Amino acid sequence: MSQQISLPAKLINGGIAGIVGVTCVFPIDLVKTRLQNQRPGQQVYKSMIDCLIKTVRSEGYFGMYRGAAVNLTLVTPEKAIKLAANDFFRHHLSKDGRGLTVFKEMLAGCAAGMCQVVITTPMEMLKIQLQDAGRLAAQQRKPGIIPPNRLATTNTVLSRSYNVIPSTSHRAISATQIARELLHTQGIQGLYKGLGATLLRDVPFSMIYFPLFANLNKLGKPSSEDAAPFYWSFISGCVAGSTAAVAVNPCDVVKTRLQSLNKGANEETYSGIIDCFSKIFRREGPSAFLKGAGCRALVIAPLFGIVQVMYFIGVGEFIMSQSPLKLISD
């Protein structure tokens with residue numbers, strides 16, 4: 001019964017943490033997407049800082065938040081599902097309240113990662129279309145590069161989403177319009193393009209993150225019965241999150257490429273995960289799988305640090321008047 005009572009509070013914790021975290025780090029996530037989609041000889045951005053500067057110059061401050069609305073809308077159920085599912089599976093895998101083995105920690109994380117992709121896949125599918133728009137427009141303006149004219153999907157709505165240059169005949173496309181067009185032309189599977197690659201990224205991520213966080217967090221506990229201080233939970237979340245993010249970055253590169261519906265000049269399309277891995281390795285070398293790894297670590301570290309602080313302080317429980325906020329261990 002206590003598990004059922006605490007579930008809404010855990011959903012609130014995950015939701016608030018996700019919104020706060022995404023708002024803080026979204027510009028770096030946009031940079032990550034654009035760097036991962038660049039091909040050799042067609043680089044528009046030299047580095048993370050260069051990408052941020054050029055984005056602000058060409059698209060304005062709010063250009064760094066293209067696609068943020070869909071993330072802010074869906075990050076609440078995504079983070080809530082991830083954290084609540086991990087707690088649920090940990091609860092059922094533990095015996096008599098004893099701690100879990102590393103294997104069972106990984107098993108619970110694996111199950112949580114599989115649950116969250118129901119929300120993660122369409123969220124990132126829509127976000128990537130909007131995030132990558134500026135890169136393709138910048139590539140089009142760059143001298144010596146042929147304008148992007150080969151589209152994986154040739155409907156007018158998705159094409160217009162890449163027109164970020166001011167024009168009297170075009171308006172910026174929204175995630176809702178892209179989603180509606182995909183549902184109309186491809187059905188529900190259109191929103192779940194790259195599902196396999198998302199699973200390939202998120203399941204190993206959760207298998208690394210949750211056990212690593214749990215063991216790091218134990219180091220900050222005064223005793224086995226006490227909770228770690230909130231600042232230790234934040235540090236543990238940052239370290240575990242950034243480590244897991246870098247470890248699965250090759251899968252994130254593949255997922256980003258597969259979910260990018262529109263392509264720039266001479267940018268190849270991919271028929272699936274294996275084809276994508278093969279073409280990237282053959283044409284760009286193994287270093288291509290580390291594109292955006294630094295950005296991804298900078299995104300995930302504070303995001304999961306904030307998540308764990310909200311989770312362990314008990315903001316959700318406080319909102320539901322179940323308990324006072326807890327900033328230090330008893």
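K127 counts as buried, at 3% relative accessibility, where buried means under 20% relative accessible area, exposed over 50%, and partly exposed in between, with a 1.4 Å probe and protein chains only. The side chain of K127 meets that of E124 in a salt bridge, with 3.8 Å from N to O, a salt bridge being a side-chain nitrogen of Lys or Arg within 4 Å of a carboxyl oxygen of Asp or Glu. E124 is buried too, with a relative accessible area of 8%. Because K127 and E124 are three residues apart in helix α4, about one helical turn separates them; helices (H or I, at least four residues) and strands (E, at least two) are DSSP runs, numbered from the N terminus.

This is a predicted model, in which local features need pLDDT of at least 70 and side-chain atom pairs count only at pLDDT 80 or more, while totals for chains, interfaces and linings use all residues. Residues are numbered from 1 along each chain as its sequence is written, and side-chain values use heavy atoms, with hydrogens and water left out.

A further salt bridge joins the side chains of R90 and E105, at 2.3 Å from N to O. This pair links distant parts of the chain, since R90 belongs to helix α3 (residues 68-93) and E105 to helix α4 (residues 102-131), 15 residues apart. The two partners fall into separate accessibility classes: R90 counts as partly exposed at 27% relative accessibility, whereas E105 counts as buried at 3%.

R257 and E284 also form a salt bridge, their closest N and O atoms lying 3.0 Å apart. R257 lies in helix α11 (residues 249-259) and E284 in helix α12 (residues 273-284), so the pair ties together parts that are 27 residues apart in sequence. R257 is buried, with a relative accessible area of 0%, and E284 counts as buried at 13% relative accessibility. Elsewhere, salt bridges that share partners join D29, K32, E124, K127, R201, D202, D252 and K255 into one network, and the count of salt bridges comes to 16.

The cysteines remain to be considered. The count of disulfides comes to zero, a disulfide being a pair of cysteine sulfur atoms within 2.5 Å. C295 is in no disulfide, and its nearest cysteine sulfur, that of C51, is 7.7 Å away. C295 counts as buried at 4% relative accessibility, and C276 is buried with a relative accessible area of 0%.
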